[in-house]
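Dear colleague,

I am passing on to you the structure that follows, and below it I have set down what was found in it. Please read the notes with the model open beside you.

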Amino acid sequence: MDISTILGIGLAFGMIAFGIISNQSSLMTYYNLPSLFITVGGALASTIASHPKEKSFKIIQVMLSTVKEPKVDNIGLVRTLVSFSEKARREGLLSLEENLNEIEDPFMKKAVQLVIDGTDPDLLRSMMETEMDLIEEDLSAEKALMDSAGAFAPAYGMIGTLIGLIAMLKTLNNPETLGPGMSVALITTFYGSILSNSVFLPMGEKIGRRATKILRQKQMILEGVLSIQAGENPRVLEEKLKSFLNIQEKTAYEAATQEVTA
């Protein structure tokens with residue numbers, strides 16, 4: 001579970017609640033069910049209408065995915081690819097067929113299978129890059145879904161405010177209703193801003209950053225598999241793959257390597 005999503009959204013709502021209470025206001029003053037329906041329902045409806053049904057109908061699933069931690073173990077991946085390289089150098093590429101069932105990542109499994117089948121390196125790269133393009137397209141569509149919801153929420157907040165203002169102006173001859181009417185009218189704008197900046201847009205940012213990490217991992221797999229196919233020295237391959245690791249991953253990898261060799 002990615003606790004940062006829950007923690008971030010929780011902190012955002014907590015700070016808003018703290019601000020309300022600090023102004024000696026009741027939280028119930030900011031609760032209005034029709035305004036909530038207009039803002040949330042309208043934003044989701046327009047988001048669904050503006051994206052293909054294959055994605056838009058799964059908007060809740062996409063939102064929940066930001067709470068799940070994707071499995072991206074680059075350190076373990078380097079070790080696996082280096083071990084495959086050593087085995088291929090000793091026993092030949094066909095020996096890797098024994099390890100196919102151990103590979104969980106479908107992308108890597110397909111790449112290794114293509115190597116075992118003797119696929120031309122240029123064709124292999126082309127096929128796997130097409131796979132990467134499809135992965136990127138899928139993740140970009142999910143991010144666009146959240147970005148759309150983040151854009152529509154404030155717009156529907158404004159629509160709700162206009163509805164409230166119109167209703168309030170109909171009773172303009174009664175000064176006692178102006179204050180409460182204006183308060184209710186502004187609540188939808190308040191809801192729209194909160195949903196956009198505390199929920200939808202942060203989720204979109206998270207999906208975008210995850211996409212970068214996932215695609216970097218796929219690129220590392222592709223380069224590693226092509227190096228194995230070319231028969232490169234495992235130590236050279238290891239150094240090449242380490243260039244894909246960030247500083248923390250490199251430090252952890254070096255520490256683990258030293259422990260093994262000690």
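Accessible areas here come from the Shrake-Rupley method with a 1.4 Å probe, and for residues only the protein chains shown count as cover. On that basis the chain exposes about 14700 Å², of which carbon and sulfur atoms supply 63%.

Please keep in mind that this is a predicted model, in which local features need pLDDT of at least 70 and side-chain atom pairs count only at pLDDT 80 or more, while totals for chains, interfaces and linings use all residues. Residues are numbered from 1 along each chain as its sequence is written, and side-chain values use heavy atoms, with hydrogens and water left out.

As to confidence, the mean pLDDT (the predictor's confidence in each residue, from 0 to 100) is 88 for the chain, and 94% of its residues reach 70 or more. Confidence is lowest in helix α10 (residues 247-261), with a mean of 77, and highest in helix α6 (residues 106-116), at 94.

Turning to the overall fold, the chain has 10 helices and zero strands, where helices (H or I, at least four residues) and strands (E, at least two) are DSSP runs numbered from the N terminus. The radius of gyration, taken over C-alpha atoms, is compared with a globule rule of 2.2 Å times the number of residues to the power 0.38. For this chain the radius of gyration is 26 Å, well over the 18 Å that the rule gives for 262 residues, so the chain is more spread out than a compact globule. Along the principal axes, its C-alpha atoms fill a box of roughly 90 × 40 × 25 Å. Of the 262 residues, 39% count as buried, a term that means under 20% relative accessible area, with exposed meaning over 50% and partly exposed in between (1.4 Å probe, protein chains only). Among the contacts (heavy atoms within 4.5 Å) with a separation of 6 or more, 77% come from residues 24 or more positions apart.

Two helices can be checked against their expected span, which is 1.5 Å times one less than the number of residues. Helix α5 (residues 74-91), with 18 residues, reaches 25 Å from its first C-alpha to its last, close to the 26 Å expected. The buried residues of α5 include L77, L81 and F84, and the helix is followed by G92, whose phi is positive, near 100 degrees.

Some individual residues also deserve a look. S56, in helix α3 (residues 53-56), is buried, with a relative accessible area of 1%. Its side chain reaches the backbone oxygen of H51 at 3.4 Å, which falls under the heading of a polar contact (a pair of N or O atoms within 3.5 Å; within protein, one must be able to donate a hydrogen and the other to accept it, and residues adjacent in sequence count only if both atoms are side-chain atoms). Leaving aside neighbours within four places in sequence, S56 is in contact with T47, I48, H51 and L145.

I38, in helix α2 (residues 33-49), is partly exposed, with a relative accessible area of 25%. I38 and Y156 are 118 residues apart in sequence, yet 6.6 Å apart in space, C-alpha to C-alpha.

K206 lies in helix α8 (residues 178-230), and its side chain makes a polar contact with that of S4 (2.4 Å).

With best wishes
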